[in-house]
There are 2 protein chains.
Amino acid sequence: MGGDAGPGIVVNALLKNIQRHTNVQFLVHGDEAVLAPLVARHPRLKDRCRVLHAPGRVSMDDKPSHVLRRGKDTSMWHAIDSVKKGDAQVAVSAGNTGALMAVSMFGLGIIDGISRPAIATIWPTLKGQTVVLDCGANVVATDEQLVDFAVMGEAFARAILGLEQPSVGLLNVGSEEQKGNDAVKSAAAILRGAGAGMNFHGFVEGDDITKGTVDVVVTDGFTGNIALKTAEGTAKLVGTYLRQALKRSLLGTIGAAIASGALNTLRRKLDPRASNGGIFLGLNGVVVKSHGGTDAAGFASAVDMAIDMAKADINARITTDRSRIAAAPAEAS
Amino acid sequence: MGGDAGPGIVVNALLKNIQRHTNVQFLVHGDEAVLAPLVARHPRLKDRCRVLHAPGRVSMDDKPSHVLRRGKDTSMWHAIDSVKKGDAQVAVSAGNTGALMAVSMFGLGIIDGISRPAIATIWPTLKGQTVVLDCGANVVATDEQLVDFAVMGEAFARAILGLEQPSVGLLNVGSEEQKGNDAVKSAAAILRGAGAGMNFHGFVEGDDITKGTVDVVVTDGFTGNIALKTAEGTAKLVGTYLRQALKRSLLGTIGAAIASGALNTLRRKLDPRASNGGIFLGLNGVVVKSHGGTDAAGFASAVDMAIDMAKADINARITTDRSRIAAAPAEAS
């Protein structure tokens with residue numbers, strides 16, 4: 001029970017989740033002295049939710065290496081350990097992303113055929129939703145790793161977004177074949193060679209993400225993380241400009257008051273809580289990172305996502321798809 | 001005279017520029033049969049603007065290598081050539097960015113002490129404006145090239161944005177020292193070692209760009225181009241959401257009508273024409289790339305920027321600053 005989201009938020013989230021998933025049991029790891037009384041306040045949680053004591057907690061500033069060495073008593077470690085032991089099928093945390101990835105990799109290991117895990121996020125687009133990965137699990141990616149990400153993103157989009165044949169694009173500085181660095185050019189050649197097995201669209205550019213040009217956008221974790229945070233910052237900037245513009249004049253203020261319902265709809269649509277934070281793909285177990293600064297609704301929707309993923313069992317598909325592509329000849333670029 | 005901006009737009013832009021810069025002469029390169037009658041329509045242009053015939057034009061799809069081999073008769077080539085010969089001090093084009101950079105590098109060469117040129121763009125932020133570079137001149141950057149970009153961005157911010165001691169940040173996936181790939185970590189060590197000569201802030205993240213955390217954000221051209229286009233796409237998405245939200249209800253429509261002045265202010269603030277496209281830094285001559293889909297106001301503001309740069313003569317400063325940093329010991333990371 002770490003992260004910016006306090007225990008109260010998690011308990012309030014579970015009150016929503018127990019209603020939506022009547023056959024799911026919840027294990028809550030953290031300081032029993034804090035958690036037990038919080039849970040006891042809600043009789044509905046009594047049979048659905050078990051508090052498991054973990055004295056330590058991972059702070060937002062802890063280095064992943066520090067947590068790996070000294071974090072065995074933390075709620076984060078216990079949560080991942082419960083997935084490893086099979087006591088739980090999924091883990092959800094609002095804690096330190098880097099530490100959560102390190103503990104998850106150490107505890108669960110990486111699935112067959114994949115060399116590195118990735119963090120996927122779901123972006124709102126003009127057409128609906130697009131999965132973007134890697135958003136920060138790795139700071140560099142080879143061509144083969146980009147192919148891993150493409151396979152994992154496609155499997156996720158099929159299972160969780162319900163798309164039959166999701167289209168996949170590689171993020172680049174132009175859509176022409178000769179553009180880009182060596183890793184993206186080589187990854188594109190491999191994915192083109194994979195043939196009809198994947199609906200590979202080719203290269204896409206930064207503005208294609210929000211256009212919804214493809215269902216899955218693949219990139220290295222350095223670029224993906226910076227694109228994600230740049231987009232968050234831009235949305236915030238536009239929102240601030242809008243408020244400033246409306247406040248500056250009497251007519252603006254009156255118009256905004258009259259249109260407040262519509263403006264609230266916009267605010268909800270841009271709310272990062274709806275986007276669930278990051279989904280860890282490529283591990284032997286489901287781990288979802290909820291947004292740190294979330295509330296009960298946001299944390300509950302991260303839990304929903306994790307439960308959907310556990311039901312879909314996408315890892316077997318990822319291993320099969322990846323080995324099929326590895327066997328196919330890459331197209332000469 | 002190439003690019004999406006037709007000759008009519010350029011002539012209308014010059015009508016604005018001749019008023020703002022009474023002592024500047026303009027050379028207009030392109031198809032004389034088209035340009036001469038357009039210019040002749042405006043007697044005010046007669047003594048301020050000379051049409052120089054160039055029969056060829058670079059299309060938006062032409063590969064840079066093709067233009068280098070076969071583009072000597074194009075208006076783009078002639079424009080850069082006029083800077084090379086000293087007939088003009090600056091060149092402005094709304095044409096193909098890749099071709100413009102290739103022709104500029106070939107024609108003008110790179111200034112002493114710098115290994116690669118960069119494309120800088122000016123972003124609106126919560127605090128004002130921030131210079132971001134490289135936005136796409138190169139697809140990879142070494143540590144030393146990132147240092148080049150830092151020096152060029154700082155010199156530009158000082159000369160053109162009028163900042164005495166601009167703060168410089170390196171774009172990364174986290175602000176802690178141990179984060180990031182080898183190139184950014186090593187570049188940070190060099191810039192820290194540069195001492196009081198540069199106001200180096202350290203690492204910044206994607207959302208720091210629009211927050212205005214620093215005056216200059218340095219990154220490789222792959223990441224910078226994707227961040228730029230992701231931000232443009234996000235601003236467009238938010239704008240579309242806003243329109244949809246306001247249209248969906250009667251009160252929203254009425255409110256929007258009343259607040260239309262304020263909403264128009266917002267639209268102008270987000271207008272990409274105000275941001276002038278890209279500024280080419282590191283060349284022996286000033287080249288500014290105007291936005292392709294611009295209008296006369298946008299092209300005129302790109303011309304203004306180019307004239308300001310010619311007056312500031314920032315290249316000597318860049319060479320001095322770069323050699324000072326090259327002589328300083330890098331800080332151990």
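1. Helix 6 and helix 13 of chain B are in contact (heavy atoms within 4.5 Å): B:Glu144, B:Val147, B:Asp148, B:Val151, B:Met152, B:Glu154, B:Ala155 and B:Arg158 of helix 6 meet B:Arg317, B:Ile318, B:Asp321, B:Arg322 and B:Ile325 of helix 13. By class, this contact has six nonpolar, no polar and seven charged residues; Ala, Val, Leu, Ile, Met, Phe, Trp, Tyr, Cys and Pro count as nonpolar, Asp, Glu, Lys and Arg as charged, and the others, Gly among them, as polar.

2. This is a predicted model: local features need pLDDT of at least 70, side-chain atom pairs count only at pLDDT 80 or more, and totals for chains, interfaces and linings use all residues. Residues are numbered from 1 along each chain as its sequence is written, chains are lettered from A and ligands numbered from 1 in the order in which they are written, and side-chain values use heavy atoms, with hydrogens and water left out.

3. The axes of helix 6 (residues 143-160) and helix 13 (residues 315-327) of chain B come within 9 Å and cross at roughly 135 degrees. Helix 6 of chain B is therefore oblique to helix 13 of chain B (under 35 degrees is roughly parallel, over 145 roughly antiparallel, 65 to 115 roughly perpendicular, the rest oblique).

4. Five of the five residues of strand 6 (residues 167-171) of chain B are buried (under 20% relative accessible area, 1.4 Å probe, protein chains only). B:Ser167, B:Gly169 and B:Leu171 point one way, B:Val168 and B:Leu170 the other.

5. Strand 6 of chain B runs parallel to strand 7 (residues 199-204) of chain B, joined by five bridges, and B:Gly169 has B:Gly202 as its bridge partner there. Three bridges join strand 6 to strand 8 (residues 216-218) of chain B, also parallel, where B:Leu170 stands opposite B:Val218. Strands pair if DSSP finds at least two bridges between them.

Notes:
Buried < 20%, exposed > 50% of the residue type's maximum accessible area, 1.4 Å probe, protein only. Helix = DSSP H or I, 4+ residues; strand = E, 2+ residues; numbered from the N terminus. Axes fitted to C-alpha atoms, helices over the stretch in contact; angles between N-to-C directions.
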